[in-house]
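Me: I have a structure open and want to go through it with you. Can we keep it quick?

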Amino acid sequence: MFKFITSKPLWVNILAGFGLILILILLFFGLLDWITGHGKYEHVPSVTNQNIEAARQMLQEKGFSVQVLDSVYEMSVAGLSVVKQSPEADALVKHGRTIYLTINRAAPPLIEMPNLVGFSIRSAQMYLQSLGLKIGDTTYRDSPARNAILEQHYNGEIIRAGTRLPVGSTISFVLGNGQNVGDMMVPDLVGFTLLQARDMLSTFNLGIGNVIPTGDIRDTSAAYIVRQTPEVSSLSPTGDRTPNRIRAGQVIDVFISDAPPSKDSSSVNN
């Protein structure tokens, strides 16, 4: 074969080389449409609200690739259902295009219950909505703090701050009715900032007494309350904890820190 090539004049070989290159170029461009699927388009079917497996099968049967891009949680949509697709339904795209899907989580995410005691019911409602929680029934109890939250309940039981709940849970409240009772239970200030505590106590006609720092404090109003006197409850001779009571117009001494209190210290105070 090499003898056949070398036996030819150089200019013949050069022309043959150029001819071969030209044939390869024409062949490449001739097959380019077939390689890229040029001219083959498909309408993207709608798979929103379908189960992810059914949606994947439908798209793959149409010749599309499927990739789950993200997951969210919506209470109104079944778990593992498609919430969003990209490209959208009925879009005209090339055959074999990747369709990206966002699916709904199988189980709702968990969030920590905040401490809403002392908040107004309107503020608590906006706070719950921002967390994805619902507000349930409200009942009233004698307290000078009208429409201020005295207790927060979940499934009929008092729920403590920090308890993890599924998104969509319903929280009920016990509110003050504005009646000027002789005394009331000492409110729990541990975990609040000093500014928040002042606002809360004003609804109960109570005040902050001595403010005792437990270290270097950069901003007093933003510092956290880590202990209070009087405490929420006292240990009785029988070993039980009895709620302490306080009268309107009295003050509570607080100990503050730049760092928030641990949950253990908060539970002891309660």
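**Working through the model**

Reply: Start with F119. At 24% relative accessibility, F119 counts as partly exposed. Buried means under 20% relative accessible area, exposed means over 50%, and partly exposed lies in between (1.4 Å probe, protein chains only).

Me: What kind of model is this, and how are residues numbered?

Reply: This is a predicted model, with residues numbered from 1 along each chain as its sequence is written. Local features need pLDDT of at least 70, side-chain atom pairs count only at pLDDT 80 or more, totals for chains, interfaces and linings use all residues, and side-chain values use heavy atoms, with hydrogens and water left out.

Me: What is the average pLDDT of the chain?

Reply: The chain averages a pLDDT of 84, and 86% of the residues score at least 70. pLDDT is the predictor's confidence in each residue, from 0 to 100.

Me: Where does pLDDT stay under 50?

Reply: Over residues 265-270. The model has 14 contacts for that stretch beyond four places in sequence. Contact means heavy atoms within 4.5 Å. Where pLDDT is low, the predicted coordinates should not be read in detail.

Me: Back to F119. Which residue does its ring pair with?

Reply: Y127. The ring centres of F119 and Y127 are 6.3 Å apart and the planes are at 45 degrees, so the pair is tilted. Rings of Phe, Tyr and Trp (its six-membered ring) pair if their centres lie within 6.5 Å; planes under 30 degrees apart count as stacked, over 60 as edge-to-face and the rest as tilted.

Me: How many aromatic pairs are there in the whole structure?

Reply: A search of the whole structure finds one.

Me: And what is the accessibility of Y127?

Reply: Y127 has 33% relative accessibility, so Y127 counts as partly exposed.

Me: New topic. What is the strand order in the open sheet?

Reply: The order is β7-β11-β8-β9, four strands with mixed pairing. β7 and β9 (157-158) stand at the edges, each with a single partner strand, so one side of each has no neighbour in the sheet. Strands (E, at least two residues) and helices (H or I, at least four) are DSSP runs, numbered from the N terminus. Two strands pair if DSSP finds at least two bridges between them.

Me: Do β7 and β11 run parallel or antiparallel?

Reply: Parallel, with six bridges joining β7 (residues 134-141) to β11. I135 has I171 of β11 as its bridge partner. Y140 stands opposite L175 in β11.

Me: How many bridges join β8 to β11?

Reply: Four, and β8 (residues 149-154) runs antiparallel to β11. Q152 has F173 of β11 as its bridge partner.

Me: Is β11 mostly covered or mostly exposed?

Reply: Mostly covered. Five of the seven residues in β11 (residues 170-176) are buried.

Me: What does the side chain of Q152 reach?

Reply: The backbone nitrogen of L116, at 3.0 Å. Q152 has its place in strand β8. Q152 is buried, at 3% relative accessibility.

Me: What about the nonpolar cores? How many residues are in the largest?

Reply: The largest nonpolar core has 21 residues. L189, L201, F204, I208, I252 and V254 have the most contacts inside it. A nonpolar core is a set of buried Ala, Val, Leu, Ile, Met, Phe, Trp, Tyr and Cys residues joined through side-chain atoms within 4.5 Å.

Me: Which elements give two or more residues to this core?

Reply: α5 (194-203) and β18 (251-257). α5 gives the largest share, four residues. Another core, of 14 residues, lies apart from it, with M113, I121, L133 and L175 among them.

Me: What does L201 touch?

Reply: P187, L189, L206, G207, I208 and I252, not counting residues up to four places away in sequence.

Me: Last topic, the backbone. Where are the cis peptide bonds?

Reply: One joins S86 and P87, with omega about 0 degrees. P87 lies in the loop between β3 (82-86) and β4 (92-94). The peptide bond from T229 to P230 is also cis, with omega near 0 degrees. P230 is in the loop between β14 (224-229) and β15 (233-235). Most residues other than glycine have a negative phi, and most peptide bonds are trans.

Me: Is phi of D90 positive or negative?

Reply: Positive, near 75 degrees. D90 lies in the loop between β3 and β4. D90 is exposed, with a relative accessible area of 56%.

Me: And what is phi of N147?

Reply: About 65 degrees, a positive value although N147 is not a glycine. N147 is in the loop between β7 and β8. At 27% relative accessibility, N147 is partly exposed.

Terms used
Polar contact = N/O pair within 3.5 Å; in protein donor to acceptor, adjacent residues only side chain to side chain.
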